[in-house]
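Me: Could we go through this structure together, starting with its salt bridges and then its pockets?

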Amino acid sequence: MNKPTPIIRVKNLRKEYVAGEDVVVALKDVSFDVMQGEICCIFGTSGSGKSTLLNQLAGLENPTSGEVLIGNIPVSKLSEHDLAIFRQRYLGFIFQSYNLMQTMTALENTALPLMFKGVNKKEREARAKDILKTVGLSHRLNHYPNQMSGGQQQRVGIARAFITKPKIVFADEPTGNLDTKTTVEVMEMIKDFARKYDQTIILVTHEPDLAQYATRVITLADGEIISDIKKERE
């Protein structure tokens, strides 16, 4: 039986920043693999290096040394043009601050990634309506972000992230602005989408309650992995 191939491979990753005359080491020789379908939580307090690691995994910053491979593609070595195409094809993002276009409706925000992929208007709107129905927003299709609650905006953000069925979804403190009840709803939605389509989730958080939704928790401190705990999928 063939051994599964990791969807993400992180090899000896190091990231340094120059701050005045000092050099700050944000990541120190970090290495790990992530398998397809894992909900992997990158956990740590402020300053632990988790946000820097997210930026490296998503190709938003280049490492000082080491590399990140997604599906055997070295994302840290791609040009900006190729990286933009790669993200459109394979990655989705959910942000703490929602990052919705304020001049677009829920339907338009959700359909936006499909527009970038060249999907015609009729099809992308139909698919956007379907996924917004799934996240409980069929009654909010034509509402703008300022007409929706934080929880509703984040549901739009989830719909937008998953509409293209990306291989990997990065969720950066996705419930940081939400109350406890809405946090549970949002995390259940993310987990359900990931299971339905066998997608990989990289969840970055400092909240222990969010880590319980993960099938694996990698804890960082001072730029190093201090624990890596896997659990069986429910």
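This is a predicted model: local features need pLDDT of at least 70, side-chain atom pairs count only at pLDDT 80 or more; totals for chains, interfaces and linings use all residues.

Me: What does Arg9 pair with?
Reply: Arg9 forms a salt bridge with Asp33, at 3.4 Å from N to O. Arg9 lies in strand S1 (residues 8–19) and Asp33 in strand S2 (residues 22–34), so the bridge ties together parts 24 residues apart in sequence. Helices (H or I, at least four residues) and strands (E, at least two) are DSSP runs, numbered from the N terminus.

Me: And Arg216, which residue does it meet at 2.8 Å?
Reply: That is Asp228, by the closest N and O atoms. Arg216 is in strand S9 and Asp228 in strand S10 (residues 224–230), so parts 12 residues apart in sequence are tied together. Salt bridges with shared partners join Glu38, Arg216 and Asp228 into one network.

Me: How far apart are the closest N and O atoms of Arg216 and Glu38?
Reply: They are 3.2 Å apart. This pair links distant parts of the chain, 178 residues apart, with Glu38 in the loop between S2 and strand S3 (39–43).

Me: Is Arg216 buried or exposed?
Reply: Arg216 is buried, at 3% relative accessible area; buried means under 20%, exposed over 50% and partly exposed in between (1.4 Å probe, protein chains only). Glu38 is buried at 11%, whereas Asp228 is partly exposed at 36%.

Me: Changing topic: what is the volume of the largest pocket?
Reply: The volume is about 410 Å³, meaning the space filled by probe spheres set on grid points joined across faces, edges and corners. A pocket is an open set of points on a 1 Å grid over the protein atoms alone, where a 1.4 Å probe fits, with protein on both sides within 12 Å along at least five of seven lines; lining residues have an atom within 4 Å of a point.

Me: Which element gives the most to its lining?
Reply: Strand S6 does, with four residues. The lining has 15 residues, and Leu91, Phe93, Pro113, Phe116 and Arg160 lie nearest the pocket's centre.

Definitions and conventions:
Residues are numbered from 1 along each chain as its sequence is written. Side-chain values use heavy atoms; hydrogens and water are left out. A salt bridge is a side-chain nitrogen of Lys or Arg within 4 Å of a carboxyl oxygen of Asp or Glu.
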